[in-house]
Structure formats: C-alpha cells, structure tokens
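Visitor: I'd like to learn how to read a model like this one. Could you walk me through it?

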Amino acid sequence: MQAFQTYSPSEISLHTTKKDCWLSIHGKVYDVTTFLEDHPGGEDVILHVSASGDATQAFDDVGHSSTATSMMESYVIGTVEGYASGIKPTSRHRLPKQEQPPPSYSFTDYLLPLLVLGIAFAAWYYLTFYSKATA
C-alpha cells in the first residue's frame, strides 16, 4: 500500500480553482483537476464543494455508484491531517442543524377541510337538484 502525504484542511482549501482543484472526502484528499470536465454533474458542482471544505456530506448525499467510488482511487493524493473516522477535521466546523419541533395538529386543521367539503357538496346538491326543479 502506498504511503500518502498528509495535508492540512487549510492547505486543501487553497486548491479550489478550475486549474487546481482538490477535494477532501472521508479523510482522503483527491486531486480532481483533470476530472472536472468529465464529471456528470458538471464542474461547477465540484468547484462549489471544494470551496466549502470537506466534501464528504455532499458526496454521500448524492449517492454515487460503486463505479464512481472505485474511480476515486485513481485521484487520491493524500490524507487529511487530524481526520478521525466519522469526525471532520478541526479547522472547519459546520453549525449543527436546528431540529424542528414535530408539527402540532389541532381540531381546526381538520375542521377547515371538512367545512370546504361540506360547502362544495351543498353547492353541488343545490345546483343539481334545486336549480333543475325551478328551471
């Protein structure tokens, strides 16, 4: 197995252009400069995630194929300094997502649709039976 060079997150963040683009995914550093034009999602997608730091979340969210994952190995140039499995490097932290409270349902949430349905039924009944009788 090849011994990889270790890169700091700040050093990786210097490589975010079309001519020099590195990504950090799952603690490995990838030089994807030559892959930018070939990426099915377009080069802008990769450039955007390279500028945001660790691209692990973005990579996992897309759900890449096993072929894409195996292709990545040819672009590995090193590892991220201070990376522990499942923990991002310490220099860039994202704010935790705020959890939203579960929705609360009240009686009026059910009453309004029933009222609209009742009015629609009454209008249909009136137009179908009473308007024919008077015409």
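Guide: Let's go from the overall fold to two residues.

Guide: This is a predicted model, so local features need pLDDT of at least 70, side-chain atom pairs count only at pLDDT 80 or more, and totals for chains, interfaces and linings use all residues. Residues are numbered from 1 along each chain as its sequence is written, and side-chain values use heavy atoms, leaving out hydrogens and water.

Visitor: What pattern does the protein chain follow along the sequence?

Guide: Helices (H or I, at least four residues) and strands (E, at least two) are DSSP runs, numbered from the N terminus. Here there are five helices and five strands, in the order β-α-β-β-β-α-α-α-β-α.

Visitor: Is Ser 50 buried or exposed?

Guide: Buried means under 20% relative accessible area, exposed over 50%, partly exposed in between (1.4 Å probe, protein chains only). Ser 50, in helix α2 (residues 43-51), has 3%, so it is buried. Buried residues make up 24% of the 135 in the protein chain.

Visitor: Which residues is Ser 50 in contact with, leaving aside neighbours within four places in sequence?

Guide: Contact means heavy atoms within 4.5 Å. For Ser 50, those partners are His 15, Thr 16, Cys 21, Trp 22 and Leu 23. The Ser 50 side chain also reaches the backbone oxygen of Leu 47 at 2.8 Å.

Visitor: And what about Phe 121: buried or exposed?

Guide: Phe 121 sits in helix α5 (residues 107-134). Its relative accessibility is 51%, so Phe 121 counts as exposed.

Technical notes:
Polar contact = N/O pair within 3.5 Å; in protein donor to acceptor, adjacent residues only side chain to side chain.
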